[in-house]
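What holds the parts of this chain together? Look through the model below, then read on for its rings, charges and cores.

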Amino acid sequence: MVVLIGGLFAGAGAPAQAAAGATEQTVAAANLWNCRFSINFPPYYYDEVCTTITSAPASGVRVLDRGTGREVTLYNGNSVYVTNWYLDSSGLCGINGDRYVWRIGWQKPSGGFGTAYIGDWYLSTGSASTWAAYPHPRGGTLNDRYGGTWHGYCNRPL
């Protein structure tokens with residue numbers, strides 16, 4: 001089953017059109033910004049770094065929602081948040097010479113969150129030297145969010 005989420009992330013990808021439930025806080029180069037998501041327990045919000053999908057074909061890029069096991073299609077302009085990054089040693093997830101892979105997420109209309117892995121090439125994160133120095137709202141930088149080495153396809157079960 002493929003779930004289309006184009007309506008979840010409406011807009012042209014500007015920070016003001018952040019993922020459902022997110023609010024704009026800081027705009028920075030390379031289309032990275034701090035975003036806040038509402039949650040149902042204290043402190044009632046969750047701060048992350050958001051970006052947009054770019055470089056996807058017109059048909060979108062399919063990712064595996066790790067929470068549901070369903071494929072989700074993301075389109076250019078959709079907003080997502082980035083959590084951890086990985087270095088792909090296999091060349092099967094990081095594509096077009098870009099070896100970086102991100103764990104991404106989005107808030108669903110139900111208030112829950114979807115998570116997936118995607119090659120950096122599809123995201124508007126900019127170069128590694130740009131995103132690595134970007135401050136994370138919960139401390140440190142995106143460079144501090146290194147998750148390890150990646151092997152295999154993005155949509156493989158973990």
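A residue is called buried under 20% relative accessible area, exposed over 50%, and partly exposed in between. At 32%, Y46 therefore counts as partly exposed. The model is predicted.

## Aromatic pairs

The structure holds 13 aromatic pairs. Take Y46 and F113: their ring centres are 6.4 Å apart and their planes meet at 55°, so this pair is tilted. The two residues come from distant parts of the chain. Y46 sits in strand β4 (residues 45-52), F113 in strand β9 (residues 113-119), and 67 residues separate them. F113 is partly exposed, with a relative accessible area of 28%.

One aromatic cluster is formed by W85, Y100, W102, W131 and Y146.

## Charges over rings

Two arginines sit over tyrosine rings. The charged end of R36 lies over the ring of Y45, 3.8 Å from its centre. The charged end of R138 lies over the ring of Y46, 4.6 Å from its centre.

## Salt bridges

How many salt bridges does the structure hold? There are four. In one of them, the side chains of R36 and D47 meet at 2.8 Å, N to O. R36 lies in strand β3 (residues 32-38) and D47 in strand β4, so the bridge ties together parts eleven residues apart in sequence. Are these two buried or exposed? R36 is partly exposed, at 28% relative accessible area. D47 is buried, at 10%.

Another salt bridge joins D65 and K108, at 3.1 Å, N to O. This pair links distant parts of the chain: D65 is in the loop between β5 and β6, K108 in the loop between β8 and β9, 43 residues apart. D65 is buried, with a relative accessible area of 2%. K108 is partly exposed, at 22%. E71 and R62 also meet in a salt bridge, at 3.4 Å, N to O. E71 counts as partly exposed, at 26% relative accessibility.

## Nonpolar cores

The largest nonpolar core has 22 residues. Those with the most contacts inside it are I53, L74, W102, I104, I118, L123 and L142. At least two core residues come from each of β5 (61-64), β6 (71-74), β7 (79-88), β8 (100-107), β9 and α1 (128-132).

What does L123 touch, leaving out residues up to four places away in sequence? Its contacts are T51, T52, I53, T54, V80, V82, W102, I104 and I118. A second, separate core has six residues, among them C93, V101, Y117 and C154.

Definitions and conventions
Residues are numbered from 1 along each chain as its sequence is written. This is a predicted model: local features need pLDDT of at least 70, side-chain atom pairs count only at pLDDT 80 or more; totals for chains, interfaces and linings use all residues. Side-chain values use heavy atoms; hydrogens and water are left out. Rings of Phe, Tyr and Trp (its six-membered ring) pair if their centres lie within 6.5 Å; planes under 30 degrees apart count as stacked, over 60 as edge-to-face and the rest as tilted. Helices (H or I, at least four residues) and strands (E, at least two) are DSSP runs, numbered from the N terminus. Buried means under 20% relative accessible area, exposed over 50%, partly exposed in between (1.4 Å probe, protein chains only). A charge sits over a ring if NZ of Lys or CZ of Arg is within 6 Å of the ring centre and within 35 degrees of the ring normal. A nonpolar core is a set of buried Ala, Val, Leu, Ile, Met, Phe, Trp, Tyr and Cys residues joined through side-chain atoms within 4.5 Å. Contact means heavy atoms within 4.5 Å.
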